[in-house]
There are 2 protein chains.
Amino acid sequence: MPGLIQAHIHLCQTLFRGLADELRLEQWLSRRIWPLEAAHTEETVFWSAMLGAAELLLGGTTAILDMETVHHTHAAFRALERIGLRAVVGKCLMDAHPEGAPLELAESTDAALAEAESLARRWHGAAGDRLRVCFAPRFVPSCSGPLLRATSELAELFDAQVHTHAAETIVERETVLRTTGMEEIAYLDSVGISGKRAALAHCVWVDQHETVRLARQGTNVVHCPSSNLMLGSGVARVPELLEAGCRVAIGADGAACNNRLDVFAEMRLAALIQKPRLGAEALPAGQVLELATVGGARALGLEDEIGAITVGKRADLLVMDLRGPHVTPPGADPVSHLVYAACPSDVRDVFVDGRALVLGHELVTVSVDEIVREAGRCAGELRQRAQLA
Amino acid sequence: MPGLIQAHIHLCQTLFRGLADELRLEQWLSRRIWPLEAAHTEETVFWSAMLGAAELLLGGTTAILDMETVHHTHAAFRALERIGLRAVVGKCLMDAHPEGAPLELAESTDAALAEAESLARRWHGAAGDRLRVCFAPRFVPSCSGPLLRATSELAELFDAQVHTHAAETIVERETVLRTTGMEEIAYLDSVGISGKRAALAHCVWVDQHETVRLARQGTNVVHCPSSNLMLGSGVARVPELLEAGCRVAIGADGAACNNRLDVFAEMRLAALIQKPRLGAEALPAGQVLELATVGGARALGLEDEIGAITVGKRADLLVMDLRGPHVTPPGADPVSHLVYAACPSDVRDVFVDGRALVLGHELVTVSVDEIVREAGRCAGELRQRAQLA
């Protein structure tokens, strides 16, 4: 089958798994994620990306849209270059210092843009076009209008995606309304962040008229069901978004609010979570599988290259082993087993751009033992530096 | 760690996996489950139980409360005797012929009770007390008052549990109110189905005063979050049930409405699903792990024997291998990893009553290849007999 695509991931948070449970978004950011991101070094960003990419590849995800932290994004690219995952990666842009964020994460608008441009010159199209940049303003409350406008211009210039968060919580929605005087989707549009080039993670708190606007624009919405539950944010109205004609992808978000990077868990949850509200037939398995294939390809700006097995597309492929008891008997519809029953451990072989990265459930490009050992060491150091130990 | 316990399973539905997706409970029963259950033979019940038990053991579930179909329950016991899972099993009792149910599932009250009693004489305490019976009326709409009363008397007589469904959907709630003139929890109490001897699966649609009643009685509630989403039934108010002092366990229900029998998926979902309604701190990981250990032991009537590692309890044990990338880095709190990140494939060894059933991820008591082959063959035959092929 085609490789699965996750269009909202924070590889830099993989080392934070289990360190930020059971907090709502605002406390999760200020008490855990910002101190931990501020404590990152080149080395810890590298092994955080390696750890996340290993989990993703072993679990059948072949391409991601990623948002790193403010610094050290070169290190994430170097890890991805080595391990072989297809990735569209952006340095996190934030020039408005949000309440509770450490000084290490503050940058001027110019410095933020300059580094983003320098990353684009180095990495956009690298590794045989397997690596690309995106421009990744964190979210409206931590970005100035000029930064957001410049971001969308850089994306045009480099023919790249813009990757941000939008309408994740009711607090965010109200903050944006208060500070900009506009509803969030309209505000993002006013600074050029809309249309096929934009991928907005979450969109839990969008009204019906905003849904219509997102559909008309062709903006990509990235549904992150586990993360939205874990942080208590809510449930995105995905069937209504699809019904309105929106482009929708799926993603696990970061390991700090999930705590898996498991595309099978996200697909299953995306299907299940709509049914109490809309009926058992809502968001059927086939539609969910589209979110993780063609929907993801669109959000990454790669719809002509990945997301399906067809002449002219890249060979991003999975071989599933569906012989385990938990996927027996062979169903009338194999898509049902993929969405409702299959697990990462059912992924046998993984190819990206025709290159074997996982064979017989084993990662072949990097030693998993080394990744796990170095990630454990780096996580300990991070916790100490962030004074969470 | 102690073996995990699931207190609501239908092993006889394991062969129906993927054949009954995206239907609400009433259609799911009449269009799929009843025709398929009616098509069961001794042989298909045997391999359905084997398949489910293999998935459960390989995924770290060491004990279950099970409801079989109307006929052939001896075959399920024989499978469980051979594979080694701890199980409390009841033949499904239904003497009121519900709309849409095939004639093969109709039994007189006396015939149903006579077979249940005969099963109890043969199997209650069998295999060194590893197998027990429960008495398992399907649900109020398919059972007469005399059947339900006799069930609770038989349970007293044999010192066994009563295992039934309650308050799963709003339709069920309204049906019971209309036909009995009583609310469901009060009606069940009036026929003797309440207290520590009773395990009620679902309880999605219980009011506050019914919650208080369940707590006062000491009745076991079995939360089945995936099944309740999959069938569009709703979300049980587990934090409120616990707050009121209710005894709560967890279960995957059957593979026909889940479609996994994965206790890790149920634990994770149980924690996540409450947070949008009650906040990110609702139903934390430690409390969820209790549902799958001590909560399960209580629902099975085995609280003095299983559910914890302590002197005097049975050696139902797991060895987890938490070295994979998806459970790295080692968290500050290992319970977080178990509930939010771990998968069935992380279970390395499984012991029931001190006997090794899984070693190094391999089932040692029965050949998995044989189970998968026979289950596939039986499922094909079932689909044909039920005219779903």
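## A walk through a two-chain predicted model

Strand β1 (residues 4–9) of chain B is largely enclosed by the rest of the structure, because six of its six residues are buried. A residue counts as buried if 20 or more other C-beta atoms lie within 10 Å of its own, as exposed if 12 or fewer do, and as partly exposed in between; C-beta atoms are placed from the backbone. Strands (E, at least two residues) and helices (H or I, at least four) are DSSP runs, numbered from the N terminus.

This is a predicted model: local features need pLDDT of at least 70, side-chain atom pairs count only at pLDDT 80 or more, and totals for chains, interfaces and linings use all residues. Residues are numbered from 1 along each chain as its sequence is written, while chains are lettered from A and ligands numbered from 1 in the order in which they are written.

Stay with β1 of chain B. Four bridges join β1(B) to strand β2 (residues 61–67) of chain B, and the two run parallel. Two strands pair if DSSP finds at least two bridges between them. B:I5 has B:A63 as its bridge partner in β2(B). Now turn to chain A. There, strand β1 (residues 4–9) is mostly covered, with six of its six residues buried. β1(A) is joined by four bridges to strand β2 (residues 61–67) of chain A, again in parallel. A:Q6 finds its bridge partner in β2(A) at A:I64.

Next, the overall build of chain A. The chain has 16 helices and 13 strands. Its C-alpha trace spans about 55 × 45 × 40 Å along the principal axes. A compact globule of 389 residues would have a radius of gyration near 21 Å; chain A has 19 Å, which agrees. That radius is taken over C-alpha atoms, and the globule rule is 2.2 Å times the number of residues to the power 0.38. Of the 389 residues of chain A, 63% count as buried. Two residues are in contact if their C-beta atoms, placed from the backbone, lie within 7 Å.

Back in chain B, look for an open sheet of four strands. Its order is β10-β11-β12-β13, with antiparallel pairing. The edge strands are β10 (317–320) and β13 (362–363) of chain B, each pairing on one side only. Strand β12 (residues 355–359) of chain B pairs with β13(B) over two bridges, in the antiparallel sense. One of the partners is B:L363 in β13(B), which bridges to B:V358.

Is B:L363 buried or exposed? B:L363 is buried, because 20 other C-beta atoms lie within 10 Å. Leaving out residues up to four places away in sequence, B:L363 touches B:A54, B:L57, B:L58, B:L357, B:V358 and B:V368. B:V352 lies 11 residues from B:L363 in sequence and 12 Å from it in space, C-alpha to C-alpha.

Helix α9 (residues 208–217) of chain B has two sides to compare. B:E210, B:T211 and B:L214 are buried. They cover an arc of only 105° around the axis, so they sit on the same side of α9(B). The arc is that of the directions from the helix axis to the C-beta atoms. Cover for the buried residues of α9(B) includes α8 (184–190), β8 (220–223) and α11 (238–243) of chain B. The face turned away from the buried side of α9(B) carries the exposed residues B:Q208 and B:H209. After α9(B) comes B:G218, with a positive phi near 75°.

Finally, the two chains together. The contact takes 54 residues from chain B and 54 residues from chain A. The largest share of the side of chain B that touches chain A, six residues, comes from α16(B). By class, that side of chain B has 29 nonpolar, 14 polar and 11 charged residues. Ala, Val, Leu, Ile, Met, Phe, Trp, Tyr, Cys and Pro count as nonpolar, Asp, Glu, Lys and Arg as charged, and the others, Gly among them, as polar.

The same surface serves both copies: 100% of the contact residues of chain B recur in chain A.
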